[in-house]
Amino acid sequence: MDIKITDVREQKGDSAFLIDDGKTAILYDSGFAFTGNAVAKKIRRELGDRQLDYIFLTHSHYDHALGSCYVLKEYPNAKVVAGSYATKIFAKPTAKAVMRDLDKKFATVCGVVEYEDLIDNLKVDIAVDDGDEIVANTMKFTAISLPGHTKCSVGFYCMESKLLLSCETLGVTDGKGVVLPVFLVGYDMALSSIKRAQELDVEYVLVPHFGLLDKEQSATYLKKAELTAKKIASEIVGKLKAGEDKEVIVKQYLNEYWNGYIKDIYPEDAIRLNTGIMINLLEHELVSKPTVD
């Protein structure tokens, strides 16, 4: 694969990776607002006098999108690409307010109490829908709608390099075979997205919060994404049907799955919140069904 991918994250919980074929440079997700300036400096160290051409955003969550405002301060001509659904979310002052609040809370956890607020500058230059193409010099990416983590989640697929720029709908990974699901808006929706990703001719997957997987890791990741989602859904549904308390289920989930690298990239308040959302979602979608397929 004639594409260089560099981790430009400032924090492990960030998601920001530089994709470069020597002619065109793309930032894939952009991290938090409070780490945005640091991410921009890392990009500058990598590119030197060259320009950043694009910023691809996978969805509208603050830990993926807000850093773009700060990177654009360094690279004002870079074009921000995101799904049409996310574009509408970014345009809402209420959404920006929520993202600002979440960013400040996590910044405080990380020991950052003051930083420039550029969040009102959040924007999208190119809104894409499923199947739209972005031609970036020698690289050509097709937008792939992959809802499940959020309704606005998208991936970007480069057929020539057999590279999938994934999104959290497929799950977070430690690169060693562990894949945790993060379906927050639809379980069946997420499974459909995972199967769609599996049907692509993929050799390499770039995963949010982790980085590039090699061929073996990528194959394992795409299989485990489906298997683990089904396994965990079945476990949770079984506990719900047995009448177990939801908070107890959350604690059991964290005890079993929240460790190692996953613990490093997944703050406790976030995994508790997301697990609670997944439990409620599964209760709504699956508890009335006899089995989890």
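**View 1. Pairing of Tyr-28 with Phe-56 in the predicted model.** Tyr-28 has Phe-56, a residue of strand E4, as its bridge partner. This close-up, like those that follow, is taken from a predicted model. Strand E3 (residues 25–28) and strand E4 (residues 54–56) run parallel and are joined by 3 bridges. In general, strands of a sheet pair through backbone hydrogen bonds, in either a parallel or an antiparallel manner.

**View 2. The open sheet of 6 strands.** The strands follow the order E1-E2-E3-E4-E5-E6, and their pairing is mixed.

**View 3. Salt bridge between Lys-4 and Glu-46**. The closest N and O atoms of Lys-4 and Glu-46 lie 3.4 Å apart. This pair links distant parts of the chain, with Lys-4 in strand E1 and Glu-46 in helix H1 (residues 36–47), 42 residues apart. Side chains of opposite charge can pair when their charged atoms come close. For the model, the count of salt bridges comes to 20, with a side-chain nitrogen of Lys or Arg required within 4 Å of a carboxyl oxygen of Asp or Glu.

**View 4. A negative surface patch**. Asp-129, Asp-132, Glu-133 and Glu-160 form this patch. Glu-160 is placed in the loop between strand E9 (154–158) and strand E10 (163–165).

Methods: Residues are numbered from 1 along each chain as its sequence is written. This is a predicted model: local features need pLDDT of at least 70, side-chain atom pairs count only at pLDDT 80 or more; totals for chains, interfaces and linings use all residues. Side-chain values use heavy atoms; hydrogens and water are left out. Patches are made of residues with over 30% relative accessible area and no salt bridge: like charges are joined within 9 Å, nonpolar side chains (Val, Leu, Ile, Met, Phe, Trp, Tyr) within 5 Å. Accessible areas come from the Shrake-Rupley method with a 1.4 Å probe; for residues, only the protein chains shown count as cover. Lys and Arg count as positive and Asp and Glu as negative; His and the chain ends are not counted. The place of a charge is taken as NZ of Lys, CZ of Arg, CG of Asp or CD of Glu. Helices (H or I, at least four residues) and strands (E, at least two) are DSSP runs, numbered from the N terminus. Two strands pair if DSSP finds at least two bridges between them.
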